[in-house]
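Student: I've got a new structure open and could use a hand reading it. Can you walk me through it?

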Amino acid sequence: MNKGDLVASVAEKSGLSKANAELAVNAVLETVTDTLRQGDSVALVGFGSFSVKATAERKGRNPSTGQPITIAASKKPIFTAGKSLKDAVA
C-alpha cells in the first residue's frame with residue numbers, strides 16, 4: 001500500500017472526500033515528523049509508538065577498499081508495534 005492507497009482507504013472508511021482524507025493523512029504524518037524532530041515520542045495506544053534513537057559514532061570499514069572509516073553519530077526514527085497490532089498481524 002502506498003500513500004495514494006492509504007488516502008483512498010481513509011476516504012472510504014471515514015466518508016471524507018479524497019481531498020479531505022489526503023489533508024488528514026498529511027497532517028498526521030507532519031505532526032509525527034515534527035514531534036520526532038523535537039526529540040519527543042508519539043504513542044498510539046493499541047497501534048504502536050514512534051520514537052527517536054541516537055546512535056553513537058563508531059568505526060567501520062569501506063567494503064570496497066577495506067579502509068577503516070568513522071561512521072558519524074546520528075538519530076534514527078524507531079517504530080515499536082503495540083500488542084493489538086501484533087495480535088492482528090499474527
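Predicted model: local features only at pLDDT ≥ 70, side-chain atom pairs only at ≥ 80, totals over all residues.

Student: Okay, which residues make a nonpolar surface patch?

Tutor: Leu44, Phe47 and Phe79 do, and the patch they form covers about 260 Å².

Student: Where does Leu44 sit?

Tutor: Leu44 belongs to strand β1, which spans residues 42–44.

Student: Switching to the helices. At what angle do α1 and α2 pack?

Tutor: About 115°, with the two axes 8 Å apart. Helix α1 is residues 3–14 and helix α2 is residues 18–37.

Student: Is the crossing left-handed or right-handed?

Tutor: Right-handed, as α1 passes α2.

Student: Which residues make the contact?

Tutor: From α1 you have Lys3, Leu6, Val7, Ala8, Val10 and Ala11. On the α2 side the contact uses Lys18, Ala21, Glu22, Val25, Asn26 and Leu29.

Student: Now charges. How many salt bridges are there?

Tutor: The count is two. As background, side chains of opposite charge can pair when their charged atoms come close.

Student: Okay, which residue does Asp34 pair with?

Tutor: Arg37, at 3.0 Å from N to O. These two are three residues apart in helix α2, so about one helical turn separates Asp34 from Arg37.

Student: Are those two buried or exposed?

Tutor: Asp34 is partly exposed because its relative accessibility is 35%. Arg37 has a relative accessible area of 62%, so Arg37 counts as exposed.

Student: And what does Asp87 form a salt bridge with?

Tutor: Lys83, and the closest N and O atoms of that pair are 2.8 Å apart. Both are in helix α3, residues 83–89, and they lie four residues apart, so again the separation is about one helical turn. Lys83 is exposed, with 63% relative accessible area.

Student: Let's go to the strands. Where is Thr55, and is Thr55 buried or exposed?

Tutor: Thr55 is in strand β2. With a relative accessible area of 19%, Thr55 is buried, because the cut-off for buried is under 20%.

Student: What is Thr55 in contact with, leaving aside its neighbours within four places in sequence?

Tutor: Ala73, Ser74 and Lys76.

Student: And where is Ala56 found?

Tutor: Ala56 is in the loop between β2 (48–55) and β3. Ala56 counts as exposed, because its relative accessibility is 57%.

Student: How many residues apart are Ala56 and Ser9, and what about in space?

Tutor: They are 47 residues apart in sequence and 40 Å apart in space, C-alpha to C-alpha.

Student: Last one, Arg61. Which strand is that in?

Tutor: Arg61 is in strand β3, residues 58–61. Its relative accessibility is 57%, so Arg61 counts as exposed.

Student: What does Arg61 contact, apart from neighbours within four places in sequence?

Tutor: Gly66, Gln67, Pro68 and Ile69.

Student: And how many Å apart are Arg61 and Gly15?

Tutor: Their C-alpha atoms are 53 Å apart in space, and the two are 46 residues apart in sequence.

Key. Residues numbered from 1 in each chain as written. Heavy atoms only, no water. Patch = residues over 30% accessible without salt bridge, like charges linked within 9 Å, V, L, I, M, F, W, Y side chains within 5 Å. Areas by Shrake-Rupley, 256 points an atom, 1.4 Å probe, with all protein chains shown as cover. Salt bridge = Lys/Arg side-chain N within 4 Å of Asp/Glu carboxyl O. Axes fitted to C-alpha atoms, helices over the stretch in contact; angles between N-to-C directions. Left-handed = near helix turned anticlockwise from the far one by under 90°. Contact = heavy atoms within 4.5 Å. Buried < 20%, exposed > 50% of the residue type's maximum accessible area, 1.4 Å probe, protein only.
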